[in-house]
Amino acid sequence: MRAIPVSRLLIATALSGTLALASATAFGYESELFSLKNRWEHTMSDLPANQRESTLKTLADEAATLVNANPDQADLLVWQGIILASYARERGGFGALGVAGDARDVLERAISLDPQGGNGSAYVTLGALYDNVPGRPISFGSSDKARQMFQRAVEVRPDGIDVNYYYAEFLLDEGDTDAAREHAERAVNGTPRAQRELSDEALRRDAQAMLSRL
């Protein structure tokens, strides 16, 4: 049997170690993201309102650490933005505006890496941010930008329960009752997302309640 040079053995050993490390890192990132998603879902669906803010702050810190270790992963950035937006909403007041701005920046970064915006999730979260924060000079709120983000979310995932419900809610606030009814109906008949069934079913019920009022 022909001898393999020591230098090649060293390179092969180094490469195998690198590949193993990369595999472990990828597995760690996926498992950590899965954990973040589940805990966010539990926080928003099951925790009482007076416990959500502190829990979301912890999740936001964990998401930031994960993104710092994997800065170019769009799916991580989408979820960091979702968590930050949720934290800003629960925190409320002027203290939430900086967090909302951070969420916007993170989601825009995610879209620059993934034009689909995590299957529309980045766009619908941006729409809610633009709709709910004050306008200039206090903050970056804009009905026009909110509408653009919601429309883009619906283009990416036209049967999404969440994208249609939140767009319907926006349209109703804007006084466009007919369009709100259309998107509420689409939300009621929409398709829930994998691993997000609980929150989507809650939104489906909210859409049904909206239709009963229209």
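This is a guided tour of a predicted model, taken selection by selection.

**Before selecting anything**

Residue numbers start from 1 along each chain as its sequence is written. Because the model is predicted, local features need pLDDT of at least 70 and side-chain atom pairs count only at pLDDT 80 or more, while totals for chains, interfaces and linings use all residues; side-chain values use heavy atoms, with hydrogens and water left out.

**The whole chain**

Show the chain as a cartoon. It has 9 helices and 0 strands, and its pattern along the sequence reads α-α-α-α-α-α-α-α-α. Helices (H or I, at least four residues) and strands (E, at least two) are DSSP runs numbered from the N terminus.

Of the 214 residues in the chain, 40% are buried. Buried means under 20% relative accessible area, exposed means over 50%, and partly exposed lies in between (1.4 Å probe, protein chains only). The chain exposes about 11500 Å², and carbon and sulfur atoms supply 54% of that area. Accessible areas come from the Shrake-Rupley method with a 1.4 Å probe; for residues, only the protein chains shown count as cover.

Among contacts in the chain with a separation of 6 or more, 57% are between residues 24 or more positions apart. Contact means heavy atoms within 4.5 Å.

**Stop 1: helices α3 and α5**

Select residues 74-91 for α3 and residues 121-132 for α5. Their axes come within 10 Å and cross at roughly 25 degrees. Axes are lines fitted to C-alpha atoms, for helices over the stretch in contact, and angles run from 0 to 180 degrees between N-to-C directions. α3 and α5 are therefore roughly parallel to each other. The cut-offs are under 35 degrees for roughly parallel, over 145 for roughly antiparallel and 65 to 115 for roughly perpendicular, with the rest oblique.

The crossing of α3 and α5 is left-handed, a term used if the near helix is turned anticlockwise from the far one by less than a right angle; clockwise is right-handed.

Now show side chains. On the α3 side, Val78, Gly81, Ile82 and Ala85 meet Ser121, Ala122, Thr125 and Leu129 of α5. By class, this contact of α3 with α5 has 5 nonpolar, 3 polar and no charged residues. Ala, Val, Leu, Ile, Met, Phe, Trp, Tyr, Cys and Pro count as nonpolar, Asp, Glu, Lys and Arg as charged, and the others, Gly among them, as polar.

**Stop 2: two residues of α4**

Select Leu107, in helix α4 (residues 97-113). Is Leu107 buried or exposed? Leu107 counts as buried, because its relative accessibility is 0%. Leaving aside residues up to four places away in sequence, Leu107 touches Leu77, Val78, Gly81, Ile82, Ala122, Thr125, Leu126 and Leu129.

With 43% relative accessibility, Asp102 counts as partly exposed. The C-alpha atoms of Asp102 and Ala85 are separated by 8.5 Å, and the two residues are 17 residues apart along the chain.

**Stop 3: the loops on either side of α5**

Go to Asn119, in the loop between α4 and α5. Asn119 has a positive phi of about 60 degrees although it is not a glycine. Asn119 is partly exposed, with a relative accessible area of 43%.

Then move to Pro137, in the loop between α5 and α6. A cis peptide bond joins Arg136 and Pro137, with omega about 5 degrees. Most residues other than glycine have a negative phi, and most peptide bonds are trans.

Ser142 is in the loop between α5 and α6 (143-156). At 22% relative accessibility, Ser142 counts as partly exposed. From Ser142 to Leu129, 13 residues apart along the chain, the C-alpha separation is 9.0 Å.

**Stop 4: helices α7 and α9**

Select α7 and helix α9 (residues 197-213), which pack at an angle of about 35 degrees with their axes 9 Å apart. The crossing is left-handed. From α7, Ile161, Asp162, Tyr165, Tyr166, Ala168, Glu169 and Leu172 meet Asp200, Leu203, Arg204, Asp206, Ala207 and Met210 in α9. The residues of this contact divide into 8 nonpolar, no polar and 5 charged.

Finish on Asp162, in α7 (residues 161-173). At 2% relative accessibility, Asp162 counts as buried. Apart from residues up to four places away in sequence, Asp162 touches Val124, Arg157, Arg193, Asp200 and Leu203.
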